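Please open the model in your viewer, with the sequence panel beside it, and follow the selections in the order given below.

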Amino acid sequence: MRVTWTNLTMAPEGAEVELAGYPMAAGGARQARHFLLLPEASCCPGHAPRDPSGAVEITAGQSITLGNGAMRLRGTWRVCLDGWRYQLHDAQPIDPPGWRAVTRRGLLAAGPLMCLAAPEGSAAAEPTRVQAVIAAGSAVDIHSHAGGIANALRIRAGSGYSAITAPMRRGGMAAICLAMVSDSPTHHVVDGRIRPYRTPDAGELYAYGTLAFGRIRALVENESLRIIARAADMRAISHAAPGVIIAAEGADFLEGRIDRLAEAYDRWTLRHLQLTHYRVNELGDIQTEPPEHRGLTDFGAEVIRACNRIGIVVDVAHGTLDLVKRAAAVTTKPLVLSHTSLSNRPGPTSRQITAEHAKIVAGTGGVIGVWPLASVYPTLPAMAVGIARLADVVGVEHVGLGSDLRGLLGGTVFADDDALPDLAEALLQTGFNEPDTVKILGGNYARVFNASMAE
Ligand SMILES: [Zn+2]
Ligand SMILES: [Zn+2]
C-alpha cells in the first residue's frame, strides 16, 4: 500500500508499503543502510525532527544511494513504542534520489527541527571513509556510565545528569551499554586507587541496586533512548535513534540470591552483567584486591549459567585471571571483558590484562573492550595502536570499545560519544579497513549480544 505523511497511522504493522520523502543520513553520508526519511528537506544535514513520529527510520539490507532530493522506498512497515515511531525494514528504492513527488510543506507531524552539529567533515560532497564507517549505524560502546550514573552520592541526592542522546547523535553512536555501579556505596578513593572500605549491611546493596537501576530507567525515558532488549532490537540499532543496553558493573545487588537475576532481567531489562567490580563479592575475585576465592565461586558459576539461560551478556571485567579461566569453562555463550588494555606485564593490582588473559576471553568467541585511559594512551591515535596490538593477539573479531564514560578517575582520550568519528579516523589511519573498523566499533559486540540472548 502507498503511505503518505498525513496517514502514517493507517499502515498496519508488517504491511508492505511505499513511502516517499527526503533522506537524511548521519554526517550527510551519500550512501547508507540506516537513515531517516523526512516529509520535507532538512535545512542542513543533522537536523532531525524532535517528534518521534516526524520521521521514518529506514533500514536496508544493502547501502542505498541518497541525494538531496526526494526518493520513494518500498519496505516492511513497523510501528514501535520507543525511539522513532515508524520504521521501514528491508527498504528498497523505487524512485531514485531527485525524484520530486514530495512538494507539500507544512506537514506538521515533523514538529520543530532540532539543531545538531554534524560530525566533522560532513560538508564533503563524497562520503569520506570515516563517514562510511559511521553510516554503518552499528557503533556500540560496551561500557559507559554516560549521564553521570556511577556515583552513589549523586544518585542519592537525585543530582542532575549530563546529556546522553545529543553527544551520541553528534558522534553517530548507535548504542551504549549503560552500567549502574553495584558496589558504589562501599568503595572510595585512597591514594588515587578505588578500594572497598566497609562490608555492606544486609539488604543495603539490593536496595541501592533498586535506586540505581531506577535512576537509569528514568534517564532513559527522559532522554528518549530506546532500550535494546532482544537480538531483533540489536539488529535494528541505528545512530538515528540511539539505544541503550541496561548493564550492571558488579552483581553485588544479588547479595548471593540467584532469584534476583531473573527479577533484574524482568524489572530493569538487565541484559549485560559484569560479575565483579571493586569489592570481592559473592561471585569471585578481583584484580585490584588479594584473592579470597581462587577465582570464580560456585555462586558465580551458577550466575553465569543462569545468564546463559535467561539471556544476559556475561562480562568478566575486573575479574582475576583465575576467575576468567573458570568463567570460560562454565559459560556456553561468548564472554565480554568490557574495559581494559593489553600489557606485557601488568602490575599486581592493575586492571590491564596479559595476552593469555585476552586469549581466554577471545576463545569463547567473545569481545574485549579497550579503555581510553589517558595514562595508558595519551592520544586517540595511540589508543588506535593499542587496539591494533590487541587485534594482533586475539583477532579483529574480538576487539571493541569500552569508554567507561563518566566512570574514570583519570583523564580520557574519549571524552564523550561525539569523539566517535575521531576514533574511527584514528583506526583507519592505523591501517584497519572500513569493514574491520565497523566490527571494532560495535559489530563484534552485536554478535556477542545476539548470541547471548535467549530467543
Ligand atoms: Zn570498571
Ligand atoms: Zn565503569
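This is a predicted model: local features need pLDDT of at least 70, side-chain atom pairs count only at pLDDT 80 or more; totals for chains, interfaces and linings use all residues.

Residues are numbered from 1 along each chain as its sequence is written, and chains are lettered from A and ligands numbered from 1 in the order in which they are written.

Next, colour by pLDDT, the predictor's confidence in each residue, from 0 to 100. The chain averages 88, and 91% of the residues score at least 70. Over residues 100-125, however, the pLDDT is below 50, although this stretch has 66 contacts in the model beyond near neighbours in sequence; two residues are in contact if their C-beta atoms, placed from the backbone, lie within 7 Å.

**The two domains**

Now select residues 8-119 as domain 1 and residues 135-452 as domain 2, bearing in mind that domain bounds come from an automatic or database domain assignment. Their C-alpha centres lie 33 Å apart, and 19 residues of domain 1 are in contact with 17 residues of domain 2. On the side of domain 1 that touches domain 2, β2 (31-38) and β4 (56-65) each supply at least two residues, and the largest share, six residues, comes from β2. That side divides into eleven nonpolar, five polar and three charged residues, where Ala, Val, Leu, Ile, Met, Phe, Trp, Tyr, Cys and Pro count as nonpolar, Asp, Glu, Lys and Arg as charged, and the others, Gly among them, as polar.

**The core**

Of the 455 residues, 53% count as buried; a residue is buried if 20 or more other C-beta atoms lie within 10 Å of its own, exposed if 12 or fewer, and partly exposed in between, with C-beta atoms placed from the backbone. A nonpolar core is a set of buried Ala, Val, Leu, Ile, Met, Phe, Trp, Tyr and Cys residues joined through C-beta atoms within 7 Å. The largest such core has 135 residues, and those with the most contacts inside it are Val-244, Val-314 and Val-316. Domain 1 and domain 2 both give residues to this core, so it lies between them. Centre the view on Val-316: leaving aside neighbours within four places in sequence, Val-316 is in contact with Leu-275, Leu-323, Val-324, Ala-327, Leu-335, Leu-337 and Val-361.

Select α9 (residues 355-363), in which His-357, Ala-358, Ile-360, Val-361 and Ala-362 are buried. What covers these residues includes α8 (321-330), β16 (335-340), β17 (367-370) and α10, and just after the helix Gly-365 takes a positive phi of about 90°.

Move on to α11 (residues 420-430), whose buried residues include Leu-420, Leu-423 and Leu-427. Their cover includes α1 (129-135), α3 (165-171), α10 (380-394) and α12 (434-452). Leu-427 has 28 C-beta neighbours inside 10 Å and, not counting residues up to four places away in sequence, touches Ala-384, Ile-387, Phe-432, Thr-437 and Ile-440. The helix is followed by Gly-431, whose phi is positive, near 120°.

**Last selections**

Most residues other than glycine have a negative phi. Thr-269, in the loop between α6 (259-268) and β14 (270-274), has a positive phi of about 60° although it is not a glycine; with 17 C-beta neighbours inside 10 Å, Thr-269 counts as partly exposed. Arg-294, in the loop between β14 and α7 (298-310), also has a positive phi, of about 55°, and counts as exposed, with 12 C-beta neighbours inside 10 Å.

Finish at Thr-76 in strand β5 (residues 71-79). Thr-76 and Asp-90 are 14 residues apart in sequence and 6.5 Å apart in space, C-alpha to C-alpha.

Technical notes
Helices (H or I, at least four residues) and strands (E, at least two) are DSSP runs, numbered from the N terminus.
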